[in-house]
Amino acid sequence: MATTSIQVAETPLVRLALQRADDALVLGHRLSEWCGHAPVLEEDIALANLALDLIGQARELYALAGEAEGAGHDEDQLAYLRNERAYRNLLLLEQPNGDFALTIARQFLYAAFIDPWWRATLHATHPGLAAIAAKAEKETAYHLRHSAEWLIRLGDGTPESHRRAQEALDRLWPYTGEMFEPAEATLVADGVCADPPGLRETWNATVDAVLAQATLQRPKDGWMQTGGRAGRHTEHLGPLLAELQYMQRVLPGAVW
Amino acid sequence: MYTQGLNSIDKIAAPDGEQAERFQARIDADDRIEPNDWMPEQYRRTLVRQISQHAHSEIVGMLPEGNWITRAPSLRRKAALLAKVQDEGGHGLYLYAAAETLGVSREELIDQLLSGRAKYSSIFNYPTLTWADIGAIGWLVDGAAIMNQIPLCRCSYGPYARAMIRVCKEESFHQRQGYEIMLTLSRGTPEQKEMAQDALNRWWWPCLMMFGPPDGESQHSDTSMRWKIKRFSNDGLRQKFVDATVPQAHFLGLTIPDPTLHFDEAGGHWVYGEIDWDEFRRVLAGDGPCNRERLAVRRKAHEDGAWVREAALAYAAKRSAATRQKAA
Ligand SMILES: [Fe+2]
Ligand SMILES: [Fe+2]
């Protein structure tokens, strides 16, 4: 049967670029859902800013993936024409926005990981990836600052905001373990990217410091969810992609 | 976006006396009035109303376009649309700031919007049904906004004039971007071209209404013109828009949905047909396709966000208390 989907031949480098690209696009998509609905106008603008950064990163990473694959797939084909099972993003990032506390907690937990990851990737042996890292690191440093400031405000604000922030952390915590799954050994050996397990201490330090200021409890490490990198997602990704990919699936092959 | 020429003058005593004369003399000399300068109460109120309507329009205008951010057909278009809607939020922000220089708070103004007492441009009460609507809005709605707002860059009130200069730069970028979407669609597949024509059909007449009621019915023009809050008549701006837009539609190969439209060689203008002013008044009074929906969405965002704003205030209060304690 005819399909509009593409198949991608995933080498370790292609897979790495797709993982990071899908992370950025899926989180950018979630943030863009806030546009026009945020608690204050300044936050409509700020969340749109973060989303724009992430969509920009996704575009560069898809371009890199397409180039590394060498099959002529462009950024839009990679974003719009892969199915749920081919998406490689972290489960954390596809979680629905929930309330503002959940959105902020999701952003903070991820930024506290991805910002040092990009910083460590600044000196990657792959020049394309290092160039993306140079820009992305500056952006994610701001994402970390912005989300940490809000988490502190919410945690140390009113009893209600404290409760909501704590609930958000508790709910998202089981999705944080996936960030630290090891990169492919060949990539680490070749110095293409930082190995996530090595960033755990940095992440712990950031999280502990901010949670202390926010007067929030660090949830206990229990069972950690996994599967995003292998395309086994939560039920939330399918509807997100149905929306994101709608036009390209309805009118395949059109130029936009 | 978007003023609409809706702004009626408050019916309070026209100012007279020496102060008022000096004020008028400054305006006649093209002086800018600044927040701390003396101004007639009527001038102040008229400006508050106009600037806040404009700000509300920017904010409500984020909704119809925001409707397509998650479904934009390419990553490039998605980023451009998100940036555009973000710009509109920024316009709202500096317009509220300009209104605040006249002694009202943003909270008061937002309260007027959410309670239905304040108006915003009628155009945003129409739905965005297809991707082509995003092109049509940029091309036509931002295009009409530019026609309305370029003259306001020389408005007599300094903060408003300066805000408009910045806003107009961004609106013309939006307009070009919208036109480029329409161009891509009209050069695309038959389905894309049909989508573009359908969007033009639905947005054309509501866009002509953006310039406000015909000059004969307009309540404000004399005083507003004398004060240089308004510089051209509604019909004059509308004609300018039609003259600029019709050739652009022809270049796209699209048909303006007005069978009577023709070029008047003698006058050098495109002559358009009868505008449905009943529809205009109905939409303005609250019975457009999306009025209730738009306000409900704004109210929900405001209510859902109340605990966040309270938390930010509570946290700021704690911080300043802590700083005071340290200083003591
Ligand atoms: Fe605007
Ligand atoms: Fe605009």
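This is a guided tour of a two-chain model, with stops to select in your viewer. The model is predicted, not experimental.

**Stop 1: chain A**

Select chain A and colour by secondary structure. You will find eleven helices and zero strands. Read along the sequence, the pattern is α-α-α-α-α-α-α-α-α-α-α.

Now look at the overall dimensions. The C-alpha trace spans about 55 × 40 × 35 Å along the principal axes of chain A. A compact globule of 256 residues would have a radius of gyration near 18 Å, and chain A agrees because its own value is 18 Å.

Of the 256 residues in chain A, 59% are buried.

Next, colour the charged side chains of chain A. There are 22 positive and 35 negative ones. The centres of these two sets lie 3 Å apart.

How do contacts run along the sequence? Take the contacts in chain A with a separation of 6 or more: 79% of them are between residues 24 or more positions apart.

**Stop 2: Gln95(A)**

Select Gln95(A). It sits in the loop between α4 (91-94) and α5 of chain A. Is Gln95(A) buried or exposed? Its relative accessibility is 7%, so Gln95(A) counts as buried, the cut-off being under 20%.

Show what surrounds this residue. Leaving out residues up to four places away in sequence, Gln95(A) touches Arg30(A), Arg106(A), Leu172(A), Tyr175(A), Thr234(A) and His236(A).

**Stop 3: Thr215(A)**

Move to Thr215(A). This residue is in the loop between α9 (200-213) and α10 (237-244) of chain A. Most residues other than glycine have a negative phi. Thr215(A) has a relative accessibility of 41%, so it counts as partly exposed.

**Stop 4: the nonpolar core**

Show both chains again. The largest nonpolar core has 182 residues. Which residues have the most contacts inside it? They are Tyr62(A), Tyr43(B), Trp131(B) and Tyr157(B). Helix α5 (residues 100-121) of chain A gives the largest share of this core, with 14 residues.

Zoom in on Tyr62(A). Setting aside neighbours within four places in sequence, its contacts in chain A include Leu18(A), Ala21(A), Leu25(A), Leu78(A) and Tyr87(A). Tyr62(A) is also in contact with Leu75(B), a residue of chain B.

**Stop 5: chain B**

Select chain B. It has 13 helices and two strands. Its C-alpha atoms fill a box of roughly 75 × 50 × 30 Å along the principal axes. For 328 residues, a compact globule would have a radius of gyration near 20 Å; chain B has 21 Å, which agrees.

Show the surface of chain B. The chain exposes about 13800 Å², with 53% supplied by carbon and sulfur atoms. Of its 328 residues, 57% count as buried.

Colour the charges in chain B. Here there are 41 positive and 43 negative side chains. The centres of these two sets are 7 Å apart. As for contacts in chain B between residues at least 6 apart in sequence, 81% join residues at least 24 apart.

**Stop 6: helix α2 of chain B**

Select residues 41-60 of chain B: this is helix α2, and Ala55(B) lies in it. Ala55(B) is buried, because its relative accessible area is 0%. Beyond four places in sequence, Ala55(B) touches Gly92(B), Leu95(B) and Tyr96(B). Now draw a distance to Asn36(B), 19 residues away along the chain. The C-alpha atoms of Ala55(B) and Asn36(B) are separated by 22 Å.

Stay in helix α2 and pick Val60(B). Val60(B) is also buried, with a relative accessible area of 0%. Its contacts, apart from neighbours within four places, are Leu113(B), Tyr120(B), Phe124(B), Arg294(B) and Arg298(B). Draw one more distance, to Val297(B). Val60(B) and Val297(B) are 237 residues apart along the chain, yet their C-alpha atoms are separated by 9.2 Å.

**Stop 7: Lys228(B)**

Finish at Lys228(B), in the loop between α9 (221-226) and α10 (234-252) of chain B. Phi of Lys228(B) is near 55°, a positive value in a residue other than glycine. Buried or exposed? Lys228(B) counts as buried, because its relative accessibility is 16%.

Notes: Residues numbered from 1 in each chain as written. Chains lettered and ligands numbered in written order. Predicted model: local features only at pLDDT ≥ 70, side-chain atom pairs only at ≥ 80, totals over all residues. Heavy atoms only, no water. Helix = DSSP H or I, 4+ residues; strand = E, 2+ residues; numbered from the N terminus. Rg over C-alpha atoms; globule rule 2.2 N^0.38 Å. Buried < 20%, exposed > 50% of the residue type's maximum accessible area, 1.4 Å probe, protein only. Contact = heavy atoms within 4.5 Å. Areas by Shrake-Rupley, 256 points an atom, 1.4 Å probe, with all protein chains shown as cover. Lys, Arg positive; Asp, Glu negative; His and termini not counted. Charge placed at Lys NZ, Arg CZ, Asp CG, Glu CD. Core = buried A, V, L, I, M, F, W, Y, C linked by side-chain atoms within 4.5 Å.
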